[in-house]
Amino acid sequence: MQRKAYVTGTAALLAALLTGCTGGSGGSGAADDANPGDAGTATAAAQPGRYRTLPEPCGAVGHDTLDSLLPGIKQMTDPSQRDKAYQGEAELTYDTDRKVGCRWKVASADATDRLSVDLERVVSYDNTVSDDDQAGQLFREKEAAAHLPEPSGTPSAPATHGDGPSGTPSGSASPADATGDSSSASASTSPDLQPRALSDLGDEAYLDDQLAGSGSTAAQRTVTVVFRTSNVVVTIQYEEQPMAAGTTPDSKEMQDRARKLASRLDGALGG
């Protein structure tokens, strides 16, 4: 009787172990079956960006565009200097498929103009976040850092400033010119020229326009256009420093030039 009980107990133990192994194998199979579904869902929600490479930045801006943005080029009489000015200076980068840039600086009889173009291809390393979404986050960080004014919060200020005793037309000078210091002021008093979001460029875009200097010195204007097309973020910075004291670069003219360049780059990217 004792031997029979021992055999029976052993058989029960083996049956339990076999049942446990079978159940574990089935559970593992269920988990494996779930993983492909999860991976498929993540892949569908986090697609790679449209762009895998970036254009060569110094060659992305044509001579006609540079002639408009940098008038001093056409004033150069030395062909070799003019060719060098057109070529620009490439930014140092360790991965031309991820981030590239080019700089130009040209002096004319009236002003010194500077232009920079930077392109960044954004890649998400989070399987749940697409490249486009990651690029959108980078764009929004840049936009937040620019501190753009509220679209509906600026119309009343220009009328008050433009109707002042000085008779200075709206848009021709910074609001801070009245105090002699515009180092941190928005560049233009015209609502149409204020820093703002742009709806006709890329997937999302904005323009910033700032004036630095005072009435007794030549004021430097900096126009910045940033736009995103899929997973590429493009930043254009256009500066002008007049030679003559008391001179202020024209806001509309500089904004128009920078926006035209941005549109051409967006078109070159296929946006």
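Q: In what sense do strand β5 and β6 pair, and over how many bridges?
A: Antiparallel, over 3 bridges, with β5 being residues 196–198. Strands here are DSSP runs of E, at least two residues, and helices are runs of H or I, at least four, numbered from the N terminus. Two strands pair if DSSP finds at least two bridges between them. This is a predicted model: local features need pLDDT of at least 70, side-chain atom pairs count only at pLDDT 80 or more, and totals for chains, interfaces and linings use all residues. Residues are numbered from 1 along each chain as its sequence is written, and side-chain values use heavy atoms, leaving out hydrogens and water.

Q: Which residue in β6 is the bridge partner of Ala-197?
A: Tyr-206.

Q: And which residue in that hairpin takes a positive phi?
A: Gly-202, near 60 degrees; the hairpin has 5 residues between the strands.

Q: What about β6 and strand β7?
A: Antiparallel again, over 9 bridges, with β7 covering residues 220–229. Ala-212 has Gln-220 in β7 as its bridge partner.

Q: Is β6 mostly covered or mostly open?
A: Mostly covered: 7 of its 9 residues (204–212) are buried, meaning under 20% relative accessible area with a 1.4 Å probe, protein chains only.

Q: Switching to helix α4, which residues are buried there?
A: Asp-131, Ala-135, Gly-136, Leu-138, Phe-139 and Ala-146. They cover an arc of only 160 degrees around the axis, so they sit on the same side of α4; the arc is taken from the directions from the helix axis to the C-beta atoms.

Q: What do they pack against?
A: β3 (111–121), β6, β7 and β8 (232–242), with contact meaning heavy atoms within 4.5 Å.

Q: And what follows α4?
A: His-147, with a positive phi near 55 degrees.

Terms used
Buried < 20%, exposed > 50% of the residue type's maximum accessible area, 1.4 Å probe, protein only.
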